[in-house]
Amino acid sequence: MNGALIGIAAAALLALGLGFLARRGRNIGLEQWTVAGRSFGAPLVFLLMAGEIYTTFTFLGGSGFAYGKGGPAYYILCYGTLAYVLSYFMLPPIWRYARDNRLYSQSDFFVRKYDSPTLGVVVSLVGIVALIPYLVLQFKGLGIIVQTAGYGAISSTLAVWIGAAVATAYVMVSGVRGSAWTAVAKDTMILVVVVFLGLYFPLRYYGGLGPMFAAIEAAKPGFTVLPAHGENAWWFSSTVLLTALGFYMWPHTFGSIYTARGTRVIRQNAIVLPIYQLILLFVFLAGFAAILQVPGLSGVDVDLALFKLSTKSFDPWVVGVIGAAGVLTALVPGSMILTTAATLIAQNLYRAVDRSASDERVLRIAKLSVPVIALVAVYFTLAGGQTIVALLLMGYSFVTQLFPSLVLSLGGGKWVAREGAIAGIVVGVATVAAVSLTHTTVATLVPSLPAGIKELNVGIVALAVNFVTLSVVSVGASLLVPMQRPLADVSGASSRAWPRRRTDRFWPES
Amino acid sequence: MRTIRALALLPFLALLVGPFFVNRVTPAIFGMPFLLAWIVAWIVITAAIMAVIFRFDPANREDAQ
């Protein structure tokens, strides 16, 4: 066993240990397992939310994006920042509503607001279809990291199985607490590793940032800014806007809001998270440094840029530390996705059928779903194939389709009918799928637009179609049956016999 | 002081509209291309803006849980 493997194995054991410790002394019921009893202060909520940002996609994909495409990669820095600004205003009302109605999942929010378990099923299906490819991406990243950082001693297939087993085990035991505790180790390590690499590589190979960017500019003029064609400023701006709106629509990110102890915690995080976003700057710097040092990577191999440069530069034990950080960046988001997808299945699919199910029963079903979801993801990871890649590209656009009906239900938006919300989401998701699978772009839809504007992100079209459908159907529904039904439930009181919680405590643990 | 919340619009202007005007390599700042430096600067400014909004937001006194 070489030095690198020891580091990687230690990371897996650390994750397992922390994940199990997280439940110590606690009797984990449904509310503890899914939302940690709404007890987390600012640091743990911060770590859960940061868990969404720094996944293997950021670690491998962020550096690979900078290496392969240059300037357009900056969009990853921007959308999170804008999402946090939105979060300051958008999340506190969501949190309060979730506490008052004892919600466990993102879909619960839609169920209550629109008084429609059917909408809950629709939202859950959209969420699960987007989450599974995202989990596959984490497993894939884990396999690549272990294989590369371990100098091939462990195959990526074996690494994927071990990683999936570790995450499944501690999620079944500790739920979202396990994710939060392992996130402590993950974010500490990733912070140290990424900042080090981002400063060290430019210094060692170029003598500093200035000389590095000058060398890149000399070799590839204009590479570090946005190109005039393709991923230009129009593409950049529209993509940043879309992804900022979709950011908190991911079911696991949305769910992490519920774990907060109060709304103040959420507002505090809106200040700190933008700064933490700057970690990505160092990921980019490492990716840029690799351009002239490990040239020639193309296609999917650009994601290896960071590790190729690392194995070229360091002793195995340093590579092991980097690999360990990489393994944790796969396990933490992976475990959050597992918890969330399992909650959606149990709470919003199973409970929609068996309305009288007890919380204990729902929790048991959620826990049993965890290994099933993990196995499905492992299957897709190892089988590869185009389907999962296509789904992955669509995932972000899928969850973004939840934005209109969510945000319109927050204020006094009584005019959105549940039929409108359902129709908008279904049509929006269908538009995303059609547009992605047929490779439609704004340029093919509206050929008369000026050249630059044609590069607008086509996701804007799906969101617009969604909004128009939602509006038309809602107005239509209110005209057809003006008196009979309440529209979006703004008061918080639900008339339907959706299972009432057994306890009436507002703050179960503080 | 609810009007102070309007400050939250500035990051959107800077990061959504700004790139059309600052999409250039020079002048380099701390060695970074100007576009990258602009984005990094605005991330820091955004955090400062959110801190100011937080400071003056009456909501943070109401439910200091």
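Analyst: A nonpolar core is a set of buried Ala, Val, Leu, Ile, Met, Phe, Trp, Tyr and Cys residues joined through side-chain atoms within 4.5 Å. Buried means under 20% relative accessible area, exposed over 50%, and partly exposed in between (1.4 Å probe, protein chains only). Before we apply this, note that this is a predicted model: local features need pLDDT of at least 70, side-chain atom pairs count only at pLDDT 80 or more, and totals for chains, interfaces and linings use all residues. Residues are numbered from 1 along each chain as its sequence is written, chains are lettered from A and ligands numbered from 1 in the order in which they are written, and side-chain values rest on heavy atoms, without hydrogens or water.

User: Which residues have the most contacts inside the largest nonpolar core?

Analyst: Tyr248(A) and Phe288(A) do, in a core of 190 residues. The element that gives the most to this core is helix α16 (residues 316–353) of chain A, with 17 residues. Helices here are DSSP runs of H or I with at least four residues, strands are runs of E with at least two, and both are numbered from the N terminus.

User: What does Phe288(A) touch?

Analyst: A contact is a pair of heavy atoms within 4.5 Å. Leaving out residues up to four places away in sequence, the partners of Phe288(A) include Ala66(A), Gly70(A), Tyr74(A), Tyr206(A), Met212(A) and Phe223(A).

User: Let's follow Phe223(A). Where does Phe223(A) lie?

Analyst: In chain A, Phe223(A) is in the loop between α10 (209–219) and α11 (233–246). Phe223(A) counts as buried because its relative accessibility is 14%. Its partners beyond four places in sequence include Tyr67(A), Gly68(A), Lys69(A), Gly71(A), Phe288(A) and Ile291(A). Lys69(A) is 154 residues away along the chain, yet its C-alpha is separated from that of Phe223(A) by 7.4 Å.

User: How do I read the overall build of chain A?

Analyst: Start with the secondary structure: chain A has 22 helices and zero strands. Next comes the radius of gyration, taken over C-alpha atoms and judged against a globule rule of 2.2 Å times the number of residues to the power 0.38. A compact globule of 510 residues would be near 24 Å, so the 23 Å of chain A agrees. Along the principal axes, the C-alpha atoms of chain A fill a box of roughly 70 × 65 × 40 Å.

User: What share of chain A is buried?

Analyst: Of its 510 residues, 61% count as buried. When contacts join residues at least 6 apart in sequence, 86% of them in chain A link residues at least 24 apart. For charge, Lys and Arg count as positive and Asp and Glu as negative, while His and the chain ends are not counted. Each charge is placed at NZ of Lys, CZ of Arg, CG of Asp or CD of Glu. Chain A carries 34 positive and 19 negative side chains, and the centres of the two sets lie 5 Å apart.

User: Which helix holds Leu470(A)?

Analyst: Leu470(A) is found in helix α22 (residues 459–480) of chain A, and with a relative accessible area of 0% it is buried. Among the residues it touches beyond four places in sequence are Pro404(A), Ser405(A), Leu408(A), Trp415(A) and Val416(A). Leu470(A) and Ser405(A) stand 65 residues apart in sequence and 7.8 Å apart in space, C-alpha to C-alpha.

User: What is chain B made of?

Analyst: Chain B has four helices and zero strands, in the order α-α-α-α along the sequence. Of its 65 residues, 48% count as buried. Among contacts in chain B with a separation of 6 or more, 53% come from residues 24 or more positions apart.

User: Which backbone angles deserve a look?

Analyst: In chain B, a cis peptide bond joins Thr26(B) and Pro27(B), with omega about -5°. Pro27(B) sits in the loop between α2 (19–22) and α3 (34–56) of chain B. Phe30(B) lies in the loop between α2 and α3 of chain B, and its phi is near 50°, a positive value in a residue other than glycine.

User: Is Phe30(B) buried or exposed?

Analyst: Phe30(B) counts as exposed, at 75% relative accessibility. Ala36(A) also has a phi near 50°, and it lies in the loop between α2 (30–35) and α3 (42–53) of chain A. At 0% relative accessibility, Ala36(A) counts as buried.
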